[in-house]
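Colleague: I am new to this one. Please show me the structure, then take me through the terms you use for it.

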Amino acid sequence: MQWWLQGFVWVLPAYVANMAPVFAAGLKTPLAKPIDGGAKAADGRRWLGNGKTWQGFAAAVLAGTTTGYLMSFFGLGSVYIGALLGFWAIFGDMVGSFAKRRLGMPRGANAGLLDRIDFITFALVAAVPFYPWELRQLLLVLIATPLLHRAANIIGYALKLKDVPW
Ligand code: CTP
Ligand code: MG
């Protein structure tokens, strides 16, 4: 495989996992409750906010796991790596929301680069031990992800999956 494509394939479960909560958002399962339980931090703002639900968390880990499973048929990735990347991607997404709330930004606010790199930063660190990464591959994924994220969100907005194009 081309060196520039390889890194994206390795972290594919993280991309799928990060998109999964948006598709799951319409489901309204019993898990569609905020992870922070509505609780507020000492600054009076929510720990994470209503945009971070158990449903989205479960959807992300499930989507990452499924992606890893499907990839294993092609000699790429594994169920385990898929689950791990799904977990760390959505954990990174939560860290991003935590930071946004601390900065006083309401749920859904446009945090620019933070919204676009939080999940991939954590997923990349988790993926490092599993593959023979070259520095240029890590940097390319890190630099291209905000652009891919932006494009995916514009499409998601056009398809009415998302309320905002960021
Ligand atoms: N989502 C979810 N649970 C998660 C992550 C995302 O239910 N753990 C769903 C929510 O419906 C959320 C949507 O996916 O609104 C888009 O995710 P994101 O853009 O990360 O959340 P925001 O609503 O923008 O909230 P925040 O400002 O905290 O990023
Ligand atoms: Mg958002």
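Modeller: Start with contact: it means heavy atoms within 4.5 Å. By that rule F119 touches A14, Y15, N18, W88, A89, G92, D93, T145 and H149, leaving out residues up to four places away in sequence. This is a predicted model, where local features need pLDDT of at least 70, side-chain atom pairs count only at pLDDT 80 or more, and totals for chains, interfaces and linings use all residues. Side-chain values use heavy atoms, without hydrogens or water, and residues are numbered from 1 along each chain as its sequence is written.

Colleague: Why is F119 called buried?

Modeller: Buried means under 20% relative accessible area, exposed means over 50%, and partly exposed lies in between (1.4 Å probe, protein chains only). F119 has 2%, so F119 is buried. F119 lies in helix α5. Helices here are DSSP runs (H or I, at least four residues), numbered from the N terminus.

Colleague: What makes K28 exposed?

Modeller: Its relative accessibility is 63%, so K28 counts as exposed. K28 sits in the loop between α2 and α3. K28 also has a positive phi of about 55°, though it is not a glycine. Most residues other than glycine have a negative phi.

Colleague: And why does K160 count as exposed?

Modeller: K160 reaches 72% relative accessibility, so it counts as exposed too. K160 is in the segment after α6.

Colleague: Why is α2 called oblique to α4?

Modeller: Helix α2 (residues 12-24) and helix α4 (residues 79-102) pack at about 50°, with axes 8 Å apart. Angles under 35 degrees count as roughly parallel, over 145 as roughly antiparallel, 65 to 115 as roughly perpendicular, and the rest as oblique. That makes α2 oblique to α4. The contact is made by P13, A14, A17, N18 and P21 of α2, and by G82, L85, G86, A89, I90 and D93 of α4.

Colleague: What makes a set of residues a nonpolar core?

Modeller: The members are buried Ala, Val, Leu, Ile, Met, Phe, Trp, Tyr and Cys residues, joined through side-chain atoms within 4.5 Å. The largest such core has 25 residues. V11, Y15, I120, W133 and V141 touch the most other members. Helix α5 gives the most to this core, with six residues.

Colleague: Which residues is W133 in contact with?

Modeller: Leaving aside neighbours within four places in sequence, W133 is in contact with G7, W10, V11, L124, A127, V128, L138 and V141. In α1, G7 and W10 are among the buried residues. The buried residues of α1 pack against α2, α3, α4 and α6.

Technical notes: Chains are lettered from A and ligands numbered from 1 in the order in which they are written. Axes are lines fitted to C-alpha atoms, for helices over the stretch in contact, and angles run from 0 to 180 degrees between N-to-C directions. Helices (H or I, at least four residues) and strands (E, at least two) are DSSP runs, numbered from the N terminus.
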